[in-house]
Amino acid sequence: MCVHRPVPPAGGAAPLTCGRPFPVSSLQEANSENIAALPKKASKPQLSAGKRIFHFLISMKLALTLLFVIAILSIIGTILPQGQDVLNSDWPKSPLYDFYNTLGLFNMYYSWWFLSVLGLLVLSLSACIFNRLPTTVKHVFKPRIDVKDAFVANQPLAESFAGGSSVAAAAEVLRRRHYRIKTGKTGSMLAQKGRFSGLASVSFHLSFLLIAAGAVLGGLFGFDYTLSVPNGQLVNVPHSNMQVENHRFDMQFVGKALLDDGRTVQVRQLMDGTVVRDINDGGNIVGQPFDLRPSLYSTDLEIFQNGKSIQRKTIQVNDPLELNGINFYQASFNQSSDGTVVSILEVNHYPGKTLVYIGAFLMMGSITLALYFPHRRIWLKLGKSGRLLIGGRTNRSKLGFKRDFERITADIKLRIGQEAGADDS
Amino acid sequence: MIVKLEEILFIVTVLTYLVASGVYIWHLISNSQKAGQLGTMLLVLGLFAHTMALIFRWVDSGHAPMSDSYESLAVFSWGIVLFYLIMERIYAIRAAGAVVVPTAFIIASIALVLNKGPNPLVPALQSYWLWIHVSIAMLSYGFFALAFGAGFFYIIQEHLLKKHYQNVVIAFVIMFSVLGLAVGLWLGFGVWAHPLDIVDPVTKEHSNQYSGTDIIKIIGGGGIGLAIGVLLGFLAGKGASKPGFARRLPSLDVLDEVSYRAIAFGFPMVTIGIITGAIWADKAWGRYWSWDPKETWSLITWLFYGAYLHTRLTWGWRGRHSAVIAVLGIVIVLFTYLGVNYLLSGLHTYASA
């Protein structure tokens with residue numbers, strides 16, 4: 001799951017692991033960005049068990065396999081009824097039911113084997129982040145500036161200019177194009193754009209971990225149940241020292257009704273059966289309203305703690321009551337045998353929710369950064385031959401960078417031409 | 001009054017798109033500039049009528065037109081046409097109109113058939129998250145469709161350049177037959193089959209019950225769609241198997257880049273779609289994630305395109321490999337968008353109402 005900095009040439013041998021199975025120094029080597037220069041597998045015969053497990057965990061093959069397995073298992077979970085739904089289906093009558101049930105297929109997303117696969121993915125991600133972080137940080141904050149001539153010349157996009165031109169003049173052209181310039185000890189320069197893009201892939205994977213951590217926290221310390229509260233009654237809220245009173249459950253339907261002049265108008269039906277309609281429509285309703293659909297469920301709730309009222313609110317679907325980390329949602333309703341209307345509330349407490357949301361926002365930010373702000377790097381140096389060498393690469397959007405690079409080299413040419421002209425006079 | 005006007009406007013829209021489709025195809029075949037300009041003019045007119053129809057629908061129902069299949073598809077086709085017209089203005093890609101405009105026509109005409117008039121929103125949908133969540137989700141579907149189109153033409157272009165005309169025909173037949181099968185099955189489910197509408201006496205919640213004849217209609221729909229797809233694919237493949245056609249298509253590099261760029265836009269969109277959905281579900285049902293089929297399939301879509309990005313950005317896959325993944329992705333997207341609503345039950349089932 002971790003993103004590799006060195007992108008191999010199209011169709012070339014693909015690295016199956018991320019980051020450090022190869023020494024860091026080799027990653028920094030002149031042509032290390034070309035995968036062929038990396039040490040072969042044969043060069044690491046005796047590895048300790050721990051290292052071997054680590055290499056297994058950071059392999060992209062494992063991560064992609066896990067994604068694939070999760071996708072396939074999830075499909076099974078959407079085909080077979082899950083949780084309570086299975087009791088309303090024909091499955092309990094099937095001869096396969098007991099077998100499937102033992103396997104946990106009817107509660108698949110919470111079965112030990114599904115959670116194990118998710119856990120393995122989390123492990124793999126953590127190992128990848130751990131593995132990538134040092135090189136990424138170094139790459140972003142301490143990039144390599146002093147490079148050899150061949151390194152510049154071997155970049156995917158490279159150009160050289162006739163002698164007499166200065167590195168500083170070329171750097172000025174890049175600065176105008178919003179590149180940040182860094183000068184090295186030997187006078188070489190590195191012009192960069194979007195250097196934090198590299199961090200984005202790490203923070204993206206980190207966000208994944210935050211979401212997983214939030215989910216685990218919710219699973220371990222959270223609770224979640226439905227609470228039936230009959231109209232006008234006070235009920236204890238389990239897992240808390242609160243009581244909840246249902247002052248009034250209400251519902252409305254919206255539907256159509258036929259008028260005596262043949263027109264159909266929209267009407268509302270209240271809980272007691274009263275039909276409400278727009279008086280401007282005129283005419284009289286014939287028969288019963290039809291096509292009724294629920295348009296409102298609400299409960300006037302009051303919460304008590306130690307006998308004292310602490311909050312009152314009319315909750316609706318999409319508008320819950322939140323108090324001390326416990327949330328009360330309008331879920332449904334029921335009618336008991338004596339005719340009392342019972343409001344059914346969903347009560348829950350998920351301590352990890354904030355982590356999940358932080359993870360979600362970090363994820364959105366990281367994806368945007370990683371995909372839309374490519375890291376463009378251009379090295380500039382005066383070569384041994386006396387020519388000005390420039391060479392650059394990007395991690396995304398090669399075509400866009402190519403256009404940028406062509407404009408830059410054209411500008412540098414123009415600039416050099418002017419300088420040469422100035423020298424002549 | 002206002003409802004009738006909306007329906008008339010939408011019929012005008014669909015008819016205009018039909019004529020525009022013909023003109024765009026004529027433009028591709030004849031390369032006539034006049035035809036191209038006429039096509040654009042018709043498309044702009046159609047988009048105007050389409051926009052008015054959607055506005056009337058919005059005013060009439062009192063909520064963003066995204067609550068059922070008609071509204072969702074009407075907005076989707078509107079987005080395709082708008083996006084295409086912008087693209088046409090920026091890049092000179094009128095040839096692509098021969099594919100895009102008929103697609104928009106097919107989607108709009110299916111919407112027309114499914115229109116059952118405006119309905120009040122069930123309580124769970126009464127939230128401003130409706131239009132945020134749905135429009136972002138549909139935007140992501142649109143980008144994945146674009147990635148599919150570019151990926152498909154990458155494969156076609158590659159075979160054309162190698163003069164493997166037999167493979168060109170096979171590729172066209174496979175694509176058209178899969179799409180034909182999907183559209184046919186879905187027509188069977190959504191239009192031809194008339195399941196028993198079962199209304200819970202107390203809650204007035206609706207659910208569907210399919211009879212044997214319905215199943216035959218659904219399978220029949222799939223069969224007819226498949227047959228038409230194979231025929232159209234064969235004709236299109238034969239028609240495209242000319243050296244001249246390769247010159248009309250963009251270069252392999254451009255197709256590869258467009259396909260990747262579309263996924264690079266679609267992936268964040270589907271991420272935001274899932275996250276806004278989670279926030280909304282949290283507000284409505286008290287759970288940000290319940291493994292509902294729609295949620296699960298959107299996760300599968302997310303995993304799939306996440307894997308695409310990894311193979312591309314980490315393993316450096318390009319060209320044909322990436323194109324094949326982008327093409328396969330559309331099957332998952334179609335299932336997430338439509339298949340889940342008709343084939344699987346869950347919290348999102350009101351979407352098929």
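Modeller: Let us begin with a pair of residues in chain A: Thr183(A) stands opposite Met189(A) in β3(A). Please keep in mind throughout that this is a predicted model.

Biologist: How many bridges pair β2(A) with β3(A), and in which sense do they run?

Modeller: Strands of a sheet pair through backbone hydrogen bonds, either parallel or antiparallel. In this case β2(A) and β3(A), the latter covering residues 189-193, are joined by four bridges in the antiparallel sense. Both strands belong to an open sheet of five strands in chain A, in the order β1-β15-β14-β3-β2, with antiparallel pairing. At its edges stand β1 (157-161) and β2 (180-183) of chain A, each pairing on one side only. On average, neighbouring strands of this sheet are turned by 15° against each other, direction ignored.

Biologist: How many bridges join β11(A) to β12 of chain A?

Modeller: There are three bridges between β11(A) and β12 of chain A, residues 326-335, and the two strands run antiparallel. For a particular pair, take Glu322(A), whose bridge partner in β12(A) is Asn327(A).

Biologist: Now to hairpins. How many residues lie between β6(A) and β7(A)?

Modeller: Four residues lie between these strands, which form a hairpin; in the turn, Gly262(A) has a positive phi of about 90°. The strands themselves, β6 (residues 242-259) and β7 (residues 264-269) of chain A, are antiparallel and share six bridges. Within this pairing, Lys256(A) has Gln266(A) in β7(A) as its bridge partner.

Biologist: Which residue in the turn between β7(A) and β8(A) has a positive phi?

Modeller: That residue is Gly273(A), with a phi of about 100°, in a hairpin that has five residues between β7(A) and β8(A). Here three bridges pair β7(A) with β8 of chain A, residues 275-277, in the antiparallel sense.

Biologist: How many helices and strands does chain A have?

Modeller: Chain A has ten helices and 15 strands. Of its 425 residues, 32% count as buried.

Biologist: Let us turn to chain B. Is Leu54(B) buried or exposed?

Modeller: Burial is judged by counting neighbours. Leu54(B) is buried, because 20 other C-beta atoms lie within 10 Å and the cut-off for burial is 20 or more. This residue is in helix α2 of chain B, residues 33-61. Leaving aside neighbours within four places in sequence, Leu54(B) is in contact with Pro65(B), Ala74(B), Val75(B) and Trp78(B). Of these, Ala74(B) is 20 residues away along the chain, yet the two C-alpha atoms are separated by 7.8 Å.

Biologist: How are α6(B) and α7(B) oriented, roughly parallel or roughly antiparallel?

Modeller: An angle between helix directions answers this. Helices α6 (residues 165-192) and α7 (residues 212-240) of chain B pack at about 155°, with axes 6 Å apart. The cut-off is over 145 degrees, so α6(B) and α7(B) are roughly antiparallel. Their crossing is right-handed. By class, their contact has 22 nonpolar, eleven polar and two charged residues.

Biologist: At what angle do α3 and α5 of chain B pack?

Modeller: The angle between α3 (residues 69-90) and α5 (residues 129-161) of chain B is about 55°, and their axes are 10 Å apart. The two helices are therefore oblique to each other. Residues of α3(B) in this contact include Val75(B) and Phe83(B), while those of α5(B) include Met138(B). The contact divides into six nonpolar, three polar and no charged residues.

Biologist: Finally, how many residues of chain B are in contact with chain A?

Modeller: There are 41 residues of chain B in contact with 44 residues of chain A. Helices α9 (252-285) and α10 (293-313) of chain B each supply at least two residues of the side that touches chain A. That side of chain B comprises 24 nonpolar, twelve polar and five charged residues.

How values were computed
Residues numbered from 1 in each chain as written. Chains lettered and ligands numbered in written order. Predicted model: local features only at pLDDT ≥ 70, side-chain atom pairs only at ≥ 80, totals over all residues. Contact = placed C-beta atoms within 7 Å. Nonpolar A, V, L, I, M, F, W, Y, C, P; charged D, E, K, R; others polar. Pairing = 2+ DSSP bridges. Buried ≥ 20, exposed ≤ 12 C-beta atoms within 10 Å, placed from the backbone. Axes fitted to C-alpha atoms, helices over the stretch in contact; angles between N-to-C directions. Parallel < 35°, antiparallel > 145°, perpendicular 65-115°, else oblique. Left-handed = near helix turned anticlockwise from the far one by under 90°.
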